[in-house]
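Here are my notes on this one, as numbered points. Have the viewer open while you read.

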Amino acid sequence: MKILLLGGTADARHLSDALHKEGLSVIYSLAGLVRVPKVDCQLVVGGFTQFGGLAQYLKGNNIGAILDVTHPYAQTMSSKAVMAAKEVGIPCWRFHRPAWQQEAGDNWEDYQDDADLLAKLDGFRVPLLSAGQMSEALLKGILQLPSIERIVWRTAVAPKFALSDKVHWIKAIGPFALDDERQLLVDHGIDVIVSKNSGGMATYSKLVAARELSVPVLLHARPLLPAAEREFHDTEDCLQACIAAWGKNSIHSKNQPKDSQQ
């Protein structure tokens with residue numbers, strides 16, 4: 001049986017390689033906007049519009065299950081995965097790493113959308129924007145706040161529009177060391193951090209540095225997603241469940257028609 005693994009994260013690379021080593025037939029998919037990883041299994045880059053949509057790809061390639069291991073904020077892809085799986089009649093499972101949890105000394109506040117972020121940034125001087133790509137309209141909105149002196153914006157991919165002289169852009173991809181994050185906040189006089197609640201350890205050090213320096217953090221609340229058939233927050237649990245359900249020795253696989261096991 002073929003498994004379509006929707007990736008783009010370190011967890012996805014780990015799971016795709018582990019499933020492949022266990023003898024499962026895995027197709028790893030990602031947008032490829034930042035970088036294309038080296039994986040042992042088949043790779044599909046660039047989304048499914050090129051194939052006529054996700055449901056059409058599932059049908060045309062005899063996919064037996066979807067494993068969604070996208071970024072927790074990939075709302076569109078995760079939603080499409082659930083809908084396409086229902087349309088085709090196959091299971092859609094999801095792994096998303098757990099959200100970060102506030103600890104003693106943290107000064108965190110969630111924001112829901114751009115308007116909410118602008119309201120909460122009013123009064124700060126130098127924000128570090130580390131929530132990925134943002135729209136030109138949002139950047140302009142932040143700069144128009146009377147308290148804002150300048151912006152430090154860190155992303156993995158270059159902005160698609162010209163930046164104001166008041167925006168200092170940094171191209172960087174995690175993981176980030178704590179010493180470097182602490183120095184970044186001090187050197188730029190950062191008085192607030194804007195981030196997604198991505199979970200994991202690759203970018204967590206900025207929150208530790210913020211805790212040490214008493215810098216507030218505004219976290220974009222995680223999006224609400226349609227429920228998957230099964231959901232996991234531990235990679236080993238997810239791996240073992242996939243092997244049990246879809247591996248060569250599983251009851252599920254033994255009951256599959258021969259052509260669906262190719």
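This is a predicted model: local features need pLDDT of at least 70, side-chain atom pairs count only at pLDDT 80 or more; totals for chains, interfaces and linings use all residues.

1. Let's begin with Cys 41, which sits in the loop between strand E2 (25–30) and strand E3 (42–45). Strands here are DSSP runs of E with at least two residues, helices are runs of H or I with at least four, and both are numbered from the N terminus. Cys 41 has a relative accessible area of 9%, so it is buried. For that label the cut-offs are under 20% for buried, over 50% for exposed and partly exposed in between, with a 1.4 Å probe and protein chains only. Beyond residues up to four places away in sequence, Cys 41 touches Ser 16, His 20, Val 26 and Tyr 28, where contact means heavy atoms within 4.5 Å.

2. Residues are numbered from 1 along each chain as its sequence is written, and side-chain values use heavy atoms, with hydrogens and water left out.

3. Ile 63 is in strand E4 (residues 63–68). With a relative accessible area of 5%, Ile 63 is buried. What does Ile 63 touch, not counting residues up to four places away in sequence? The partners are Lys 2, Leu 4, Ile 27, Tyr 57, Leu 58 and Ile 90. Ile 27 is 36 residues from Ile 63 along the chain, and their C-alpha atoms are separated by 9.1 Å.

4. On to the rings: I see seven aromatic pairs listed for the structure. The centres of Phe 48 and Phe 51 are 6.5 Å apart and their planes are at 45°, so this pair is tilted. Rings of Phe, Tyr and Trp (its six-membered ring) pair if their centres lie within 6.5 Å, with planes under 30 degrees apart called stacked, over 60 edge-to-face and the rest tilted. Phe 48 is buried at 6% relative accessibility, whereas Phe 51 is partly exposed at 35%. For Trp 153 and Phe 161, the centres are 6.1 Å apart and the planes at 20°, so that pair is stacked. Trp 153 and Phe 161 are both buried.

5. Two arginines are worth a look. The charged end of Arg 154 sits over the ring of Phe 176, 3.9 Å from its centre, and Arg 230 lies over the face of Trp 93, at 4.8 Å from the ring centre. The criterion is NZ of Lys or CZ of Arg within 6 Å of the ring centre and within 35 degrees of the ring normal.

6. Arg 154 and Phe 176 turn up again around Glu 181, along with Ser 205, Lys 206 and Ala 209; these are the contacts of Glu 181 once neighbours within four places in sequence are left aside. Glu 181 is found in helix H6 (residues 178–187). Its relative accessible area is 3%, so Glu 181 is buried.

7. Finally, the whole chain. There are nine helices and 12 strands, and buried residues make up 48% of the 262 residues. Along its principal axes the C-alpha trace spans about 65 × 35 × 30 Å. Of the contacts between residues at least 6 apart in sequence, 64% join residues at least 24 apart.
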